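Hi there,

Here is the structure I promised to pass on to you.

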Amino acid sequence: MDITRRAVVPLLLAPLCLLGQTNAGDQEWAAFLDWVKALPPGAIPSTSVEPFAGYQKKLIADGVSPKDAEALTARLRTRSAHNPEWMAVRLNWTYSQEGHHREKPDAFLVETAGALRPGKALDLGMGEGRNAIYLAQHGWDVTGLDVSDVGVAHAKEKARKLGVRIDARVQDVYLFDFGANQWDLVCLLYFHISDHESTYQQIARGLKPAGHVIVEDPVRPAMETLLQAREKWEATKLHILRMEYLEGWSEWGQDQEPLGRLLLQKPA
Ligand SMILES: C[S@@+](CC[C@H](N)C(=O)[O-])C[C@H]1O[C@@H](n2cnc3c(N)ncnc32)[C@H](O)[C@@H]1O
């Protein structure tokens, strides 16, 4: 190897080493998920903090040095951000607990979809299906997607008991093929698109001409989050029919947090 290649190889490897320091490897991640999944339901609340602290304690009890346990936990946290597997674990906890079930459909959905002619609807992050079931009860042909298998199972069971049909799938929204000109309505109700900018365009492409998108989400920290969301939707060329910023209780949050709502339509 000549001197130039010897200098270049470590330079090329350096970013990989750095990556290894910040993001947990597959084996580390799998071991963490196995540990978490073996916990009894309700043992850990579905906050993003406690599981990592608990795992750090377990590592130290297993003989890992406190410094290494802290570093590994930090890598696991990094890997968990916007990670569908992690989202599924957390939401499976939520949906397995008593008192966490939301039954009533979203008020904004009821108001807006009620004025539309039923067609093919897609509910992104459907949870336990309160909105998908509402739409199906009102004549829509509904497909609902969620990474939480527990949520999807609950949605199917509820639909079965109510005698309505929904196509509920365990599916990562970011890997879904929205197709072209397929959907009359796409719902993002407390489902926030994070780190996947192309999803906005995919949704717009998947909508039929004159199809609608309904969005309701807490806006953290405040108004500017809604304005940023509006910019992202504007780039898709969908028309913004309604935009609302409400100070009030979100249907999903536990605290009083401001809420953003958007109603969009694809040009006919
Ligand atoms: C806050 S809940 C809202 C559930 C439902 N839309 C409602 O209003 O009752 C968000 C849902 O999105 C799901 N989710 C998050 N990321 C996802 C992804 N990448 N693909 C599919 N579902 C996802 C979660 O599992 C969770 O059920």
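Predicted model: local features only at pLDDT ≥ 70, side-chain atom pairs only at ≥ 80, totals over all residues.

Residues are numbered from 1 along each chain as its sequence is written, and side-chain values use heavy atoms, with hydrogens and water left out.

Start with the ligand. There are 19 residues around it, and Y95, G125, R130, D146 and L189 come nearest (a residue is near if one of its heavy atoms lies within 4 Å). By class, this shell has 11 nonpolar, five polar and three charged residues. Helix 5 (84–96) and helix 7 (130–137) each supply at least two of the shell residues, and helix 5 gives the most, with three.

Now zoom in on single atoms. A ligand oxygen is 2.6 Å from an N or O atom in the side chain of Y95. A ligand nitrogen is 2.7 Å from a polar backbone atom of G125, and a nitrogen of the ligand is 3.2 Å from a polar backbone atom of V147.

Which element gives the largest share of the lining of the second largest pocket? That is helix 10 (223–234), with six residues. Strand 5 (207–218) and strand 7 (259–265) each supply at least two lining residues too. By class, the lining has 11 nonpolar, four polar and two charged residues.

Enjoy exploring!

Technical notes: Polar contact = N/O pair within 3.5 Å; in protein donor to acceptor, adjacent residues only side chain to side chain. Helix = DSSP H or I, 4+ residues; strand = E, 2+ residues; numbered from the N terminus. Nonpolar A, V, L, I, M, F, W, Y, C, P; charged D, E, K, R; others polar.
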